[in-house]
Amino acid sequence: MVCLCSLVQFHPDISRLQLFSSSLDCGIRLWDLRSSQCVCILQSHYSAVTSLSFSGDGGTMIRYREIGHPCRFIKNLTGVLRVWEASTARCVYTQTLPSTLTLSSEEDKEEDNPRSVTYLFHLPASSRLATVTAEHNILFYQLPSLTTHQQDRSVCVWQMDSDSGEVRCVAQGSSHTNAVGSISCSRMKASFVVTGSQDCTVKVWDLPAEFPGAEIHQLSPRTTEKAHDKDVNSVAVSPNDKLLASGSQDRTAKLWSLTGDGNLGLLGVFRGHRRGIWSVCFSPVDQVLASSSADGTTKLWSLQDFSCLKTFEGHDASVLKVIFVSRGTQLLTSGSDGLVKLWTIKTNECVKTLDAHQDKVWGLHASRKDDKMVTGSADSNISVWVDVTEVELAEEQAKQEDQIL
């Protein structure tokens, strides 16, 4: 059987006269250049190896493969890194993946997936491994544990063609010094975006009126503010684009003025949560701010005097996201307990608990009409929910009319 060779690479120590090759049969062959013979074959991968990297002394080799990651609605390819002892052809460490990942030989062939790793490079001075993905992200892994150490700190703006549905990156900025954890767009028109980062800063980025051509517009921050003492987990722009809220791991939320010249002015600090704040959100109708925290509570704050107006308790773990629904009369919260709860603000009552996820619910978004919402969870599922309140009311009314008749 003849297999197409996908990679050839010499051992970095020239005196060894060794050549490594990989083919579509998913194995790596070690060749002795003196005898032109295959010395050994390294196997256990399920798809072609695309890259090799050696330690500084040439004794350890790291190779990359792809495995399938099937989900209910989306399908990804995720890299698995293995460390091999070159002298014994023995795998000495395999990167641990979440239990939700399963192998699929058919999906392994989807080499054009943007999540696939295209290159890796060993950094012996810092004991790290750098990998480059097909979607142009750079991930750093700490050796020997292969835990994610660092990733690129860029901000990307994406634009979707309403006719074709194609999405492309139209603008990019990269001046944060740590991972970007939150982003919020202007509400009145697409004129700016705000980002919050683990570098404790908040940045405001101006957007051009149009994105002509195929070139990616390079963004520069209009202003940078050292906003908190710890990670900034959430930023939110007010409905009129004049205010900005930020929530941090330092257990505080802050209110900022967004002036026309781009500067941020601190208006006040919201204090009362016992642990870090994961999410902040402005009411669409009232002068209040909602915040959710790792202390298991959600709070409503006055924008006038920064006092706590209400506290909602019901989640058994961190409340990761909060949004206003029902024209500002209700709150939706999602938590680390996998639950989504609907609260009536006037009575402080939890009127509905949705239990459809098996892990942390990080994503929560409602439609403009408040008739649908979407949740995204660490269990790799995305769920779409429909408001059936009016249907239930109509059914109840019909039952009552039937009883009268």
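How many of the six residues of strand 30 are buried? Five of the six residues in this strand (residues 339-344) are buried, and the strand is thus mostly covered; buried denotes a relative accessible area under 20%, exposed over 50%, and partly exposed in between (1.4 Å probe, protein chains only). Strands (E, at least two residues) and helices (H or I, at least four) are DSSP runs, numbered from the N terminus. The model is predicted, with local features requiring a pLDDT of at least 70 and side-chain atom pairs counted only at pLDDT 80 or more, whereas totals for chains, interfaces and linings use all residues. Residues are numbered from 1 along each chain as its sequence is written, and side-chain values use heavy atoms, with hydrogens and water left out.

With strand 29 (residues 330-335), strand 30 pairs in the antiparallel sense over five bridges. Within this pairing, leucine 342 of strand 30 is the bridge partner of leucine 332. The two strands form a hairpin with three residues between them, and glycine 338 in the turn has a positive phi of about 80°. Strand 31 (residues 349-355) also runs antiparallel to strand 30, and six bridges join the two. Here leucine 342 stands opposite lysine 352 of strand 31. Strand 30 and strand 31 form a hairpin with four residues between them, in whose turn asparagine 348 has a positive phi of about 65°.

A further hairpin is formed by strand 13 and strand 14, with six residues between them; glycine 165 in its turn has a positive phi of about 80°. Strand 13 (residues 155-160) and strand 14 (residues 167-173) run antiparallel and are joined by six bridges. Glutamine 159 stands opposite arginine 168 in strand 14.

In the protein chain as a whole, there are two helices and 34 strands. The chain comprises 405 residues, of which 44% are buried. Among contacts (heavy atoms within 4.5 Å) with a separation of 6 or more, 37% involve residues 24 or more positions apart.

The protein chain averages a pLDDT of 81, and 77% of the residues score at least 70. Over residues 66-78 the pLDDT stays under 50, and the model has 49 contacts beyond four places in sequence for this segment. The pLDDT also stays under 50 over residues 98-115, for which the model has 38 such contacts beyond four places in sequence. Where pLDDT is low, the predicted coordinates should not be read in detail.

Side chains of opposite charge can pair when their charged atoms come close. A search of the whole structure finds three salt bridges, each defined by a side-chain nitrogen of Lys or Arg within 4 Å of a carboxyl oxygen of Asp or Glu. Aspartate 206 forms a salt bridge with arginine 222, the closest N and O atoms being 2.5 Å apart. This pair links distant parts of the chain, with aspartate 206 in strand 17 (residues 201-206) and arginine 222 in strand 19 (residues 221-226), 16 residues apart. Aspartate 206 is partly exposed at a relative accessible area of 35%, and arginine 222 is partly exposed at 27%. In another salt bridge, arginine 16 meets aspartate 13 with the closest N and O atoms 3.8 Å apart. Arginine 16 is partly exposed at 33% relative accessibility, and aspartate 13 is likewise partly exposed at 33%. Lysine 226 and aspartate 229 also form a salt bridge (3.8 Å, N to O); aspartate 229 is exposed, with a relative accessible area of 63%.

Isoleucine 14 lies in the loop between strand 1 (5-10) and strand 2 (18-23) and is exposed, with a relative accessible area of 60%. Together with Phe10, Leu17 and Leu33, Ile14 forms a nonpolar surface patch with about 390 Å² of accessible area. Patches are made of residues with over 30% relative accessible area and no salt bridge, like charges being joined within 9 Å and nonpolar side chains (Val, Leu, Ile, Met, Phe, Trp, Tyr) within 5 Å. By contrast, tryptophan 84, located in strand 7 (residues 75-85), is buried at a relative accessible area of 3%.

Key:
Pairing = 2+ DSSP bridges. Areas by Shrake-Rupley, 256 points an atom, 1.4 Å probe, with all protein chains shown as cover. pLDDT = per-residue confidence, 0-100.
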